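Dear colleague,

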Amino acid sequence: MKVYSVSRFERSGGPLCDKCVELDKKIERYREVSSSLADQITIDRIKTLIDELQTQKVELHPEQKPSL
Ligand SMILES: [Zn+2]
């Protein structure tokens, strides 16, 4: 059973292409911003945005969707 490429992708949190790199950068920026906030409503909004970006990332590589 070869899970090699999937686990590598997961472990690195991994940039596979320019679009993924861009999405990762955005996600990271959102996380930094949200961790510096005390306003729960804004934090929740940012979490929703992060979710959307992660969904976009999965959709870019549907065949590499990590199987959990
Ligand atoms: Zn990609």
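Predicted model: local features only at pLDDT ≥ 70, side-chain atom pairs only at ≥ 80, totals over all residues.

**Confidence and findings**

Residues are numbered from 1 along each chain as its sequence is written.

For the protein chain, the mean pLDDT is 81, and 69% of the residues reach 70 or more. Residues 3–8 have pLDDT below 50, with three contacts in the model beyond near neighbours in sequence.

The protein chain has three helices and zero strands, in the pattern α-α-α along the sequence. Helices (H or I, at least four residues) and strands (E, at least two) are DSSP runs, numbered from the N terminus.

Helix H2 (residues 18–35) packs against helix H3 (residues 40–60) at an angle of about 165°, and their axes are 10 Å apart. H2 is therefore roughly antiparallel to H3 (the term applies to angles over 145 degrees). In the contact, H2 contributes residues including Leu23, Ile27 and Tyr30, and H3 contributes residues including Ile46, Ile50 and Leu53. By class, the contact of H2 with H3 has eleven nonpolar residues (Ala, Val, Leu, Ile, Met, Phe, Trp, Tyr, Cys and Pro), five charged (Asp, Glu, Lys and Arg) and three polar (the others, Gly among them).

The loop between H2 and H3 holds Leu37. Leu37 counts as exposed because it has 11 C-beta neighbours inside 10 Å (exposed means 12 or fewer, buried 20 or more, with C-beta atoms placed from the backbone). Residues up to four places away in sequence aside, Leu37 touches Thr42 and Ile43. Of the 68 residues in the protein chain, 4% are buried.

Yours sincerely

Terms used: Axes fitted to C-alpha atoms, helices over the stretch in contact; angles between N-to-C directions. Parallel < 35°, antiparallel > 145°, perpendicular 65-115°, else oblique. Contact = placed C-beta atoms within 7 Å. pLDDT = per-residue confidence, 0-100.
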